[in-house]
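Let's take a walk through this protein together. Have the sequence and the 3D view ready, and follow along one stop at a time.

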Amino acid sequence: MEHKPENNQCGNRIVRRTFFQWLTYGLSALAAAALGIPLIGYFLGVRTRDVHWVALDEVDRYPVNETRLATFDNPLRQPWDGMTALTGVYVRNLGVDEQDTPQFLVFAVNCAHLGCPVSWFPQSGLFMCPCHGGAYYANGDRASGPPPRGLFRCAWRVRNGRLEVQAPHYPTLQDTLVKDEA
């Protein structure tokens, strides 16, 4: 009688099935951690934003009561941002106060409606949004159109005779750049 080696097909299937079960469990746990950790951080507010100040130009380069676009390479950029990392702010020199301190209004270029870049029209004294017809006065207040509020203001300071702005992230109604004065 011929002797055949034992073929334990059921045993091989059990071992392979167990292996794939554990592989599925492991990959599922990795996927849950990859998605869950940032989500938990978002809800707990763990992530803090670094503050980056960008030097624009000498204070003297901004004439009183004129609005000018100042562009810069945003230090908050990501490698995939490309040309969109070149951002800007509108700067309006308000002159000096009683203590001889320069005063400025600095606005993000984003419309408060959907974030389109606004343009300054000195002839009419308005900021205009080309996307949906939003308009803003020279002081940034909403003039007309669908925007729910005025332009987003940026934090600024003067250091060593130069105007600096806090590098703006993309502003939203929930996460404005500077809290509005009540």
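**Starting from a glycine**

Let's begin at G150, which counts as buried because its relative accessibility is 16%, and the cut-off for that word is under 20%. Keep in mind as we go that this is a predicted model. To find G150, look in the loop between β8 and β9 (156–159).

What is G150 in contact with, once its neighbours within four places in sequence are left aside? The answer is A112, Y136, G140, D141 and R142. Take G140 from that group: G150 and G140 are ten residues apart in sequence, and their C-alpha atoms are 5.4 Å apart in space.

Now for the strands. There's an open sheet of four strands here, in the order β5-β6-β7-β8, and the pairing is antiparallel. Which strands stand at the edges? They are β5 and β8 (142–144); each has a single partner strand, so one side of each is left without a neighbour in the sheet. On average, neighbouring strands of this sheet are turned by 35 degrees against each other, if you ignore direction.

Zoom in on β6 and β7, which pair in the antiparallel sense over three bridges.

Next come the cysteines. In general, a disulfide is a covalent bond between the sulfur atoms of two cysteines. Where do the two partners sit? C116 lies in the loop between β4 (102–108) and β5 (119–121), while C131 lies in the loop between β6 (126–128) and β7 (135–137), so the pair ties together parts that are 15 residues apart in sequence.

Are these two buried or exposed? C116 is buried, with a relative accessible area of 15%, whereas C131 is partly exposed, at 38%.

What about C129? C129 is in no disulfide: the nearest cysteine sulfur belongs to C111 and is 3.8 Å away, while a disulfide needs the sulfur atoms within 2.5 Å. C129 counts as buried, with 6% relative accessibility. C154 counts as buried too, at 4% relative accessibility.

Definitions and conventions: Residues numbered from 1 in each chain as written. Predicted model: local features only at pLDDT ≥ 70, side-chain atom pairs only at ≥ 80, totals over all residues. Heavy atoms only, no water. Helix = DSSP H or I, 4+ residues; strand = E, 2+ residues; numbered from the N terminus. Buried < 20%, exposed > 50% of the residue type's maximum accessible area, 1.4 Å probe, protein only. Pairing = 2+ DSSP bridges. Axes fitted to C-alpha atoms, helices over the stretch in contact; angles between N-to-C directions. Contact = heavy atoms within 4.5 Å.
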